[in-house]
Amino acid sequence: MNNKEIKKLISNAFYRLELATDNITWTHYADELYQIEKQYEKNHRKYTECNYIFSVNDCAKYWSIKHIVDGLNDVEDLNIKSYLHLKKSIFYACSMVANYRERIEKEFKGFDFNKFNEINITEWKKEVA
């Protein structure tokens, strides 16, 4: 996939998450998850000298969806002890799945998870001399 296709896939996945989890309560769960990840990404970039291909927003949406996908696949074995060692966004995403699994699965019906799992969001541009 080229970068344009990757961004489109990430945006589509995040849109599906918004559809699945908005208008349930007064809380916009997808946006809250995104805001947590966006802050993590901004903090991460403060300490790196990399020239990333993908924007902070693209990466925040990617990691939000990645944690939801992991929650759907029960990848994380979360317990109270793991809270100190994992990102808050992982717990938030897994809680979203625990509370709204059926809604999320319904919105993601037909989504290409295999393509999503091929994304390498950590790529950065090579410096040209």
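Predicted model: local features only at pLDDT ≥ 70, side-chain atom pairs only at ≥ 80, totals over all residues.
Residues are numbered from 1 along each chain as its sequence is written, and side-chain values use heavy atoms, with hydrogens and water left out.

I then looked up where Glu-37 sits, and found it in helix α2; helices here are DSSP runs of H or I with at least four residues, numbered from the N terminus. Is Glu-37 buried or exposed? Glu-37 is buried, because its relative accessible area is 2%, and buried means under 20%, exposed over 50% and partly exposed in between, with a 1.4 Å probe and protein chains only. Leaving aside neighbours within four places in sequence, I listed Ala-60, Trp-63, Ser-64, His-67, Lys-87 and Ser-89 as in contact with Glu-37, contact being heavy atoms within 4.5 Å.

Lys-38 also lies in helix α2, and, with neighbours within four places again left aside, Lys-38 is in contact with Val-56, Asn-57 and Ala-60. His-85 is 47 residues from Lys-38 along the chain, and their C-alpha atoms are separated by 19 Å.

Next I turned to the largest nonpolar core, which has 29 residues, and in which Leu-17, Ile-65, Ile-68, Ile-104, Phe-116 and Ile-119 have the most contacts; such a core is a set of buried Ala, Val, Leu, Ile, Met, Phe, Trp, Tyr and Cys residues joined through side-chain atoms within 4.5 Å. Helices α1, α2, α3 (56-72) and α4 (88-107) each supply at least two residues of this core.

Within it I followed Ile-68, which lies in helix α3 and counts as buried because its relative accessibility is 1%. Beyond four places in sequence, Ile-68 is in contact with Leu-17, Leu-33, Ala-93, Met-96, Val-97 and Ile-104. Ile-68 and Val-97 are 29 residues apart in sequence, yet 6.7 Å apart in space, C-alpha to C-alpha. For Ile-65, under the rule that omits neighbours within four places, I noted contact with Ala-13, Phe-14, Leu-17, Phe-108 and Phe-116.

How do α3 and α4 cross, and at roughly what angle? Their axes come within 8 Å and cross at roughly 65°, where axes are lines fitted to C-alpha atoms, for helices over the stretch in contact, and angles run from 0 to 180 degrees between N-to-C directions. On the α3 side I found His-67, Ile-68, Gly-71 and Leu-72, which meet α4 residues including Ser-89, Ala-93, Val-97 and Ile-104.

Ser-95 lies in helix α4 and counts as partly exposed because its relative accessibility is 37%; Ser-95 and Thr-48 are 47 residues apart in sequence and 30 Å apart in space, C-alpha to C-alpha. Asn-23 lies in the loop between α1 (3-21) and α2 (29-46), and counts as exposed because its relative accessibility is 71%. Its phi is near 60°, a positive value in a residue other than glycine.
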